[in-house]
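Have the sequence and the model side by side while you read. The paragraphs below go from single residues to the whole chain and back again.

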Amino acid sequence: MRELKSRKPKNPTIIVRKNGDVTGDGSIDTIYLTGDMTKGSPYWKNISLVVSNKKLNLYEKFPLKENGGYNPTLFLGDFTGDHVDDILVVIDSGGSGGIIFAYIFSFLNGKMRQIFDADAYNERFKYDVNYQNYYKVNVLSSNPKKKYILDLMYKGKEYLSEIYNKDGTLKEPIQGWVDPIGGLYPIDFERDGTYELMAFQEIAGRYHADGLGYVENVLKWNGHEFVPDRQTVSIFGEDLASN
């Protein structure tokens with residue numbers, strides 16, 4: 001009888017690699033994302049963050065809560081203001097909503113800790129989107145508590161006639177929604193070496209392709225967590241006919 005040999009499990013593939021001092025000891029660390037490739041697809045599985053330093057005999061692996069997706073990326077920069085690089089991981093979910101998974105890790109009190117999670121962000125930042133009479137949409141933000149009024153006149157007669165009576169009143173109540181976080185970008189607004197986070201969430205109307213604009217939150221580290229520094233809503237403009 002032929003003896004069957006067990007196959008040795010393949011080591012995870014290094015997806016992306018960065019070098020920087022993320023522990024604050026003055027020594028350059030190697031930071032990389034590892035994962036398992038999906039045959040015939042750009043989808044990655046079992047994505048983990050690894051921090052290593054051969055000189056210091058350091059090797060730490062951090063599994064991610066949402067560890068599957070597309071285009072995993074790494075960014076190193078100081079988000080906490082301690083002049084030490086932190087680690088931003090962003091992964092595209094691949095869903096129709098363009099949602100991302102995002103995490104920030106920081107070396108605090110002698111230990112690498114996760115200080116940002118896109119899922120936790122989505123739980124904290126909630127919105128109500130309601131169509132109003134006379135071609136308006138109200139967007140209510142719970143954190144911070146703000147109200148935005150969007151004008152729908154740019155949508156055109158065909159769109160508006162499906163929703164409104166001739167006198168401008170709604171034919172029936174309509175609720176939209178705000179997507180979970182779809183974009184997260186490090187920006188040093190004050191040019192002081194400390195990065196803020198710019199988070200984008202799309203506002204949808206009757207269906208997902210019926211985009212009404214974006215909620216934009218600028219988040220800043222307050223010593224304990226990321227909190228909203230300012231919030232705005234951007235809208236789509238009306239195309240003007242060329243002369």
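A residue is called buried when its relative accessible area is under 20%, exposed when it is over 50%, and partly exposed in between, using a 1.4 Å probe and protein chains only. Leu150 has a relative accessibility of 6%, so it counts as buried. The model is a predicted one, in which local features need pLDDT of at least 70, side-chain atom pairs count only at pLDDT 80 or more, and totals for chains, interfaces and linings use all residues. Residues are numbered from 1 along each chain as its sequence is written, and side-chain values use heavy atoms, with hydrogens and water left out.

Leu150 sits in strand E11, which covers residues 145-151. Helices (H or I, at least four residues) and strands (E, at least two) are DSSP runs, numbered from the N terminus. Which residues does Leu150 touch, not counting those up to four places away in sequence? They are Tyr135, Lys136, Val137, Val139, Ile203, Leu212, Val233 and Ile235, where contact means heavy atoms within 4.5 Å. Val233 is 83 residues from Leu150 along the chain, but their C-alpha atoms are separated by 9.1 Å.

Now take the whole protein. Its secondary structure consists of two helices and 16 strands. The radius of gyration is 23 Å, well over the 18 Å that the globule rule gives for 243 residues, so the protein is more spread out than a compact globule. This radius is taken over C-alpha atoms, and the rule is 2.2 Å times the number of residues to the power 0.38. Along the principal axes, the C-alpha trace spans about 80 × 60 × 40 Å. Buried residues make up 42% of the 243. Among contacts between residues at least 6 apart in sequence, 43% join residues at least 24 apart.

The next topic is the interior. In soluble globular proteins, nonpolar side chains tend to be buried together. A nonpolar core is here a set of buried Ala, Val, Leu, Ile, Met, Phe, Trp, Tyr and Cys residues joined through side-chain atoms within 4.5 Å. The largest such core has 36 residues, of which Phe116, Tyr131, Leu184 and Phe226 touch the most other members. Strand E15 (residues 211-221) gives the largest share of this core, four residues. Apart from this core lies another, of 18 residues, among them Trp44, Leu49, Leu74 and Phe105. Leaving aside neighbours within four places in sequence, Phe116 is in contact with Ala102, Tyr103, Ile104, Tyr121, Leu184, Leu197, Leu219 and Phe226.

Strand E2 (residues 29-38) holds Leu33 and also Met37. Is each of them buried or exposed? Leu33 has 0% relative accessibility and therefore counts as buried. Met37 has a relative accessible area of 56%, so it is exposed. With neighbours within four places left aside, the contacts of Leu33 include Ile15, Ile47, Leu49, Leu74 and Val89. Met37 touches Thr13, Tyr43 and Trp44, again not counting residues up to four places away. From C-alpha to C-alpha, Leu33 is 33 Å from Trp177, and the two are 144 residues apart in sequence. Met37 and Tyr214 are 177 residues apart in sequence and 33 Å apart in space, C-alpha to C-alpha.

Some loops remain to be described. Thr194 lies in the loop between strand E13 (183-187) and strand E14 (196-204). Its relative accessibility is 15%, so Thr194 counts as buried. Beyond its neighbours within four places in sequence, Thr194 is in contact with Asp78, Phe79, Thr80, Gly81 and Asp188.

Most residues other than glycine have a negative phi, and most peptide bonds are trans. Asn109 has a positive phi, near 55°, and is not a glycine. The loop between strand E7 (100-108) and strand E8 (111-117) contains Asn109, and this residue is exposed because its relative accessible area is 75%. Tyr135 also has a positive phi, of about 65°, without being a glycine. Tyr135 is in the loop between strand E9 (127-132) and E10. Where is there a cis peptide bond? Such a bond joins Asn143 and Pro144, with omega about 0°. Pro144 belongs to the loop between strand E10 (136-142) and E11.
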